[in-house]
Amino acid sequence: MADIAAVPLTPTSPPHGTLARAERFVWLTARVLEQRLFAHHFRDGAAGPVETAVEAYRNADGGYGHALEPALRGPASLPAHTARALHVLDSVARCDARRAEDVCRYLTSVSTTEGALTAIRPEAALPAVRPAGSGDAAVRLPGALSATAPVVGLLHRNEVWHPWLFRATDFCWQAVESLDAARPGDVVAAVLFLDHAPDRARAEAAADRLGHLVRRERLVVLDPDAPGARPAASTAPGSVPVHTPGDRRFPHDYARTPDSLARAWFTDAEIERSLDVLAAGQQADGGWPARRLPGAPEPAPAALLEARPIATIEALRTLAAYGRSLA
């Protein structure tokens, strides 16, 4: 486990270096889950404490709630919380068959007839504002690629097989292959699916078409020095840094690792410029800005504070995956 005594936590002796500054930020601001996750990825911490921390967010229905995804407050299980749980468990190699079975049972109960997960309004998580006896139907929206694809991709990555997954996979294929005017969030979700879909030839063909779409529709910033190109983040005194929802994405937002299918969409120079932007996004306190969850309401200050350590860990993992020094 990480030795936190090695990290100066007093305001009079701030550390130097990307990783050291980020570590101090995480220990000072993050939830237990993100503290354990940081320790696992960067300080040789064990996976068990991460798994235990995630378990605290699990509900009896097999889903996850309790603001595991910080933008969505409340105790109820929601697909976005479950996607977050799977992402964390996969990152520490603890997405086992037993847990996946429970998760798929929950996903079956909240999916559409075609197997898609729905974009559920955030108020569905708050019992106090749900009409009595209404169930989820009162707040459920149509199936969404952005909600379904990341979950399906992670389950395929972990070689899970379940009846729901077959229907959900068919939905993702249809949605990905019919994208013609996508939003950046849809493309990010599609990549997470395509990177792990079992039919590799089909995935490569779909990714190639999607890459042309991204460049044609200018859904990616290739020149960080162009006016207005860099992500806008709140800078007012006392504010919590957060990217504005209208931000276009950079190459690293699509190709989070060098082995992603989206990596082929960009030249080496474009990737390097993108990573430069990511590295420069570290704030004075050592953390990175959080990006608002699509469809979520104006985030509460507590939600932003909880989201920033997540964004910080993801930024560090992307930089490390591309071999960037964190010293």
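Me: Leaving aside its neighbours within four places in sequence, which residues is Ser 91 in contact with?
Reply: The model is a predicted one, and in it Ser 91 has its place in helix H4, which covers residues 79-91. Once the neighbours within four places in sequence are left aside, the residues in contact with Ser 91 are Leu 37, His 40, His 41 and Arg 317.

Me: Is Ser 91 buried or exposed?
Reply: The side chain of Ser 91 reaches the backbone oxygen of Val 88 at 2.7 Å, but the question is decided by accessible area. A residue counts as buried when its relative accessible area is under 20%. Because the relative accessible area of Ser 91 is 16%, Ser 91 is buried.

Me: Is Thr 113 buried or exposed?
Reply: Thr 113 has its place in the loop between helix H5 (97-110) and helix H6 (145-157). A residue is called exposed when its relative accessible area is over 50%, and since the value for Thr 113 is 79%, Thr 113 is exposed.

Me: How far apart in space are Thr 113 and Gly 143, C-alpha to C-alpha?
Reply: In sequence, Thr 113 and Gly 143 are 30 residues apart. In space, from C-alpha to C-alpha, the distance between Thr 113 and Gly 143 is 9.4 Å.

Me: What covers the buried residues of H2?
Reply: Helix H2, residues 32-42, has several buried residues, among them Leu 33, Leu 37, Phe 38 and Phe 42. Just after H2, Asp 44 takes a positive phi of about 60°. What covers the buried residues of H2 includes helix H1 (18-29), helix H3 (48-55), H4 and helix H12 (301-321).

Me: How many disulfides does the count come to?
Reply: A disulfide is a covalent bond between the sulfur atoms of two cysteines, and here a pair is counted when the sulfur atoms are within 2.5 Å. Cys 95 is buried at 6% relative accessibility, yet its sulfur is 8.8 Å from the closest cysteine sulfur, in Cys 104, and is therefore too far for a bond. By this rule, the count of disulfides comes to zero.

Key. Residues are numbered from 1 along each chain as its sequence is written. This is a predicted model: local features need pLDDT of at least 70, side-chain atom pairs count only at pLDDT 80 or more; totals for chains, interfaces and linings use all residues. Side-chain values use heavy atoms; hydrogens and water are left out. Helices (H or I, at least four residues) and strands (E, at least two) are DSSP runs, numbered from the N terminus. Buried means under 20% relative accessible area, exposed over 50%, partly exposed in between (1.4 Å probe, protein chains only). A polar contact is a pair of N or O atoms within 3.5 Å; within protein, one must be able to donate a hydrogen and the other to accept it, and residues adjacent in sequence count only if both atoms are side-chain atoms. Contact means heavy atoms within 4.5 Å.
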